[in-house]
Amino acid sequence: MSMTMTVLLPFAIAAPAPALTPWGMYLAADVVVKAVMIGLAVASVATWTVLLAKGWELARERRHLLQARALLLESVQLPDPQLDPRLQEEPVRLLLEAARTELRLSPHGGDPAGVKERVGSRLERIELACARQARRGIGVLASIGAIAPFVGLFGTVWGIMNSFVGIAQSNTTNLAVVAPGIAEALLATALGLVAAIPAVVIYNHFTRVLAGLRALLGDLSAAVQQLVSRDLDRAAVHAGPVLARAAH
C-alpha cells in the first residue's frame, strides 16, 4: 500500500501544464514575446480606431462636397459663402473666398484670361492642401501593414530560440516539453497577421475613398472657375456700353 502511494504521489502533486489558450500562452511567454504581442495588439486597436474615426470624417466630407457641388452648378454667379450655411465649411469656403479675393485684387478692366489663370492657381493650391489634410492619419495603416508581419516574425523567432534552449537544458526531445513554447512563439506571428491584414485592406479602401474626394474637389474647383468666368463675361458686357458712352 505504501509503495503504491509512493509511486502515485509524484503524479498527484505534479503541477498542471499551462493551458494552451491564447491568454494562457501569453502569460507563459517570454518578456520579449509579450512585448511583441502587446505592440501588435496596440497596432490592431489603432487600425480599427482609424477606420472608425477617419471613415466618419471622410463620409461627412463627401456628403458636404456633393451638396456644395450641386449648389454651385445651379448658381448664376459666384456666391458669398457667408450668406449660405451650406457653403461655410471647408474646403468649399476656402475655394470661394480665394476666388472672390482674386477678383477683388485684380484690376478692373484687366485681361480676363490673366484673372482666370490666377484664380485657377489659387484653387489648385487649396485642392492640394485639402488632399493632404484628408490623408492625415491614413499613413499609419500602411506602416502597420508593412511592419506588423515582421514584428510578429521576430517574436516567433525569439520564442522558438527559447524553446531550443529549453530542449538543450532539459536534455530531452519530447514534443510535449517544447510544444507550449513553440505555440507561444507562433501566436506572435498570428497576431502580426491579425494586425497587418485589416490594416492593408482598410488602407486600400481609404485610397479609393480619397480618390473620389479628390475628384469631387476637382469638380468644385471647376464649378468655381466657371462662375468666375461668367462674372467676368457679365462685367465685360456691362462695361461695353459704359465705355462706348464715355467715348461718345
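Predicted model: local features only at pLDDT ≥ 70, side-chain atom pairs only at ≥ 80, totals over all residues.

Biologist: Good to know. Let's start with helix 4 and helix 5: at what angle do they cross?

Modeller: Helix 4 covers residues 92-105 and helix 5 covers residues 112-135. Their axes cross at roughly 150° and come within 9 Å. Angles over 145 degrees count as roughly antiparallel, so helix 4 is roughly antiparallel to helix 5.

Biologist: And is that crossing left-handed or right-handed?

Modeller: The crossing of helix 4 and helix 5 is right-handed.

Biologist: Which residues meet there?

Modeller: From helix 4 you've got Leu94, Leu95, Ala98, Ala99, Thr101, Glu102, Leu103 and Leu105. On the helix 5 side they meet Val115, Arg118, Val119, Arg122, Leu123 and Ile126.

Biologist: How many of those are nonpolar, polar or charged?

Modeller: The contact of helix 4 with helix 5 has 10 nonpolar residues, 1 polar one and 3 charged ones.

Biologist: Speaking of charge, how many salt bridges does the count come to?

Modeller: The count comes to 7 salt bridges. One of them joins the side chains of Glu102 and Arg118, at 2.7 Å from N to O. That pair links distant parts of the chain, with Glu102 in helix 4 and Arg118 in helix 5, 16 residues apart.

Biologist: Is Glu102 buried or exposed?

Modeller: Glu102 has 7% relative accessibility, and the cut-off for buried is under 20%, so Glu102 counts as buried.

Biologist: Which residues are linked with Arg93 and Glu97 in a network of salt bridges?

Modeller: Glu90 is in there too: Glu90, Arg93 and Glu97 are linked in a network of salt bridges.

Biologist: Okay, new one. What about Asp219 and Arg69, how many residues apart are they?

Modeller: The side chains of Asp219 and Arg69 meet in a salt bridge of 2.9 Å, N to O. This pair links distant parts of the chain, 150 residues apart, with Asp219 in helix 7 (residues 175-247) and Arg69 in helix 3. Asp219 is partly exposed at 34% relative accessibility, and Arg69 is partly exposed as well, with a relative accessible area of 25%.

Biologist: Last topic: where is Val224, and what is it in contact with?

Modeller: Val224 is found in helix 7. Leaving aside its neighbours within four places in sequence, Val224 is in contact with Leu72, Leu78, Leu95, Leu96, Ala99 and Leu123. Val224 counts as buried, at 1% relative accessibility.

Biologist: How many residues along the chain lie between Val224 and Ala99, and what separates their C-alpha atoms?

Modeller: Val224 and Ala99 are 125 residues apart along the chain, and their C-alpha atoms are separated by 7.4 Å.

Conventions: Residues numbered from 1 in each chain as written. Heavy atoms only, no water. Axes fitted to C-alpha atoms, helices over the stretch in contact; angles between N-to-C directions. Helix = DSSP H or I, 4+ residues; strand = E, 2+ residues; numbered from the N terminus. Parallel < 35°, antiparallel > 145°, perpendicular 65-115°, else oblique. Left-handed = near helix turned anticlockwise from the far one by under 90°. Contact = heavy atoms within 4.5 Å. Nonpolar A, V, L, I, M, F, W, Y, C, P; charged D, E, K, R; others polar. Salt bridge = Lys/Arg side-chain N within 4 Å of Asp/Glu carboxyl O. Buried < 20%, exposed > 50% of the residue type's maximum accessible area, 1.4 Å probe, protein only.
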